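Please consider the structure shown below, together with its sequence. The paragraphs that follow lead through its surface, its strands, its charged pairs and its core.

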Amino acid sequence: MNTTEIQRLEKEIFELTTKLKELQVAAQPVEVSDYQFETEYGSTQLSDLFGVHNTLLTIHNMGQGCRYCTLWADGINGLLPHLESTMSVVLLSKDAPDVQRKFANSRGWRFKLASHRSSAYAADHIVVGEYENMPGAAIYLRENSKILKKNTCIFGPGDMYCSLWYFLALSGINENDWTPQFRYWQIPEKLEDGGKNLED
């Protein structure tokens with residue numbers, strides 16, 4: 001094991017991420033439209049999603065059919081109380097509001113939810129190249145009657161927005177060698193209740 005090289009790279013990555021954060025803090029926001037969304041409580045607008053805060057984090061989730069997006073949301077859900085001490089957080093996806101709620105409940109997610117399925121938001125903020133539903137996140141600021149986009153990021157295997165990848169790497173597992181699942185429960189060789197009507 002080349003411990004010296006690992007330590008050198010860790011120091012370099014720390015320095016680069018420090019510089020990245022400085023650039024993100026200094027980034028000049030640009031004004032965006034007050035997009036409309038659907039929620040389980042009816043129609044709402046981007047400006048309404050801010051709640052009591054003037055900063056809003058939107059999590060761009062591909063929907064209930066994506067195991068990777070579920071992994072990111074599982075992780076961010078654990079940070080939610082910390083994030084919500086300083087900003088509002090909303091998970092956006094193309095799924096209908098009732099589908100969003102059912103899936104969120106099954107995961108124990110505490111996010112506010114909104115659907116962009118009939119909104120221009122997706123075309124303007126989620127489409128990246130050939131990908132029409134790119135996972136990631138965006139930060140918006142509210143200044144008087146204006147909504148400003150401050151920063152965005154894209155989620156992908158191995159990125160800095162999901163700490164799991166780094167623990168896998170420490171154990172010698174590459175992100176190409178592991179795929180997240182919705183559940184990890186395995187059927188025992190013998191079920192004491194007889195195993196009838198078993199759902200996986």
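Y166 belongs to helix α5, which spans residues 164-170; helices (H or I, at least four residues) and strands (E, at least two) are DSSP runs, numbered from the N terminus. The model is a predicted one, in which local features need pLDDT of at least 70 and side-chain atom pairs count only at pLDDT 80 or more, while totals for chains, interfaces and linings use all residues. Residues are numbered from 1 along each chain as its sequence is written, and side-chain values use heavy atoms, with hydrogens and water left out.

With a relative accessible area of 45%, Y166 is partly exposed; buried means under 20% relative accessible area, exposed over 50%, and partly exposed in between (1.4 Å probe, protein chains only). Together with L20, M160 and Y161, Y166 forms a nonpolar patch on the surface, and the accessible area of the four is about 370 Å². Patches are made of residues with over 30% relative accessible area and no salt bridge, where like charges are joined within 9 Å and nonpolar side chains (Val, Leu, Ile, Met, Phe, Trp, Tyr) within 5 Å. Accessible areas come from the Shrake-Rupley method with a 1.4 Å probe, and for residues only the protein chains shown count as cover.

Strand β4 (residues 55-60) presents another setting: five of its six residues are buried, so β4 is largely enclosed by the rest of the structure. Two strands pair if DSSP finds at least two bridges between them. Strand β7 (residues 136-143) runs antiparallel to β4 and is joined to it by six bridges, with L56 standing opposite Y140 in β7. Strand β5 (residues 88-93) pairs with β4 in the parallel sense over five bridges, and T58 has V90 in β5 as its bridge partner. From β4 the chain crosses through helix α2 (residues 67-83) to β5, a right-handed β-α-β crossover; right-handed means that, with the strands pointing away from the viewer, the path from the first strand over the helix to the second runs clockwise.

The charged pairs come next. A salt bridge is a side-chain nitrogen of Lys or Arg within 4 Å of a carboxyl oxygen of Asp or Glu, and by this rule there are six salt bridges. In helix α1 (residues 3-26), R8 and E12 lie four residues apart, about one turn of the helix, and form a salt bridge whose closest N and O atoms are 3.0 Å apart. K11 and E15 also lie in helix α1, four residues apart, and meet in a salt bridge of 2.6 Å, N to O. K11 counts as exposed at 53% relative accessibility, whereas E15 counts as partly exposed at 43%.

R101 and E40 form a salt bridge with closest N and O atoms 3.0 Å apart. Because R101 lies in helix α3 (residues 97-107) and E40 in the loop between β2 (36-39) and β3 (42-45), the pair ties together parts that are 61 residues apart in sequence. Elsewhere, salt bridges that share partners join E5, R8 and E12 into one network.

Which residues touch the most other members of the largest nonpolar core? Of its 24 residues, they are L57, I59, V89, L91, W109, F111 and F155. A nonpolar core is a set of buried Ala, Val, Leu, Ile, Met, Phe, Trp, Tyr and Cys residues joined through side-chain atoms within 4.5 Å. At least two residues of this core come from each of β4, α2, β5, α3, β7, β8 (146-154) and α5, and α2 gives the largest share, five residues.
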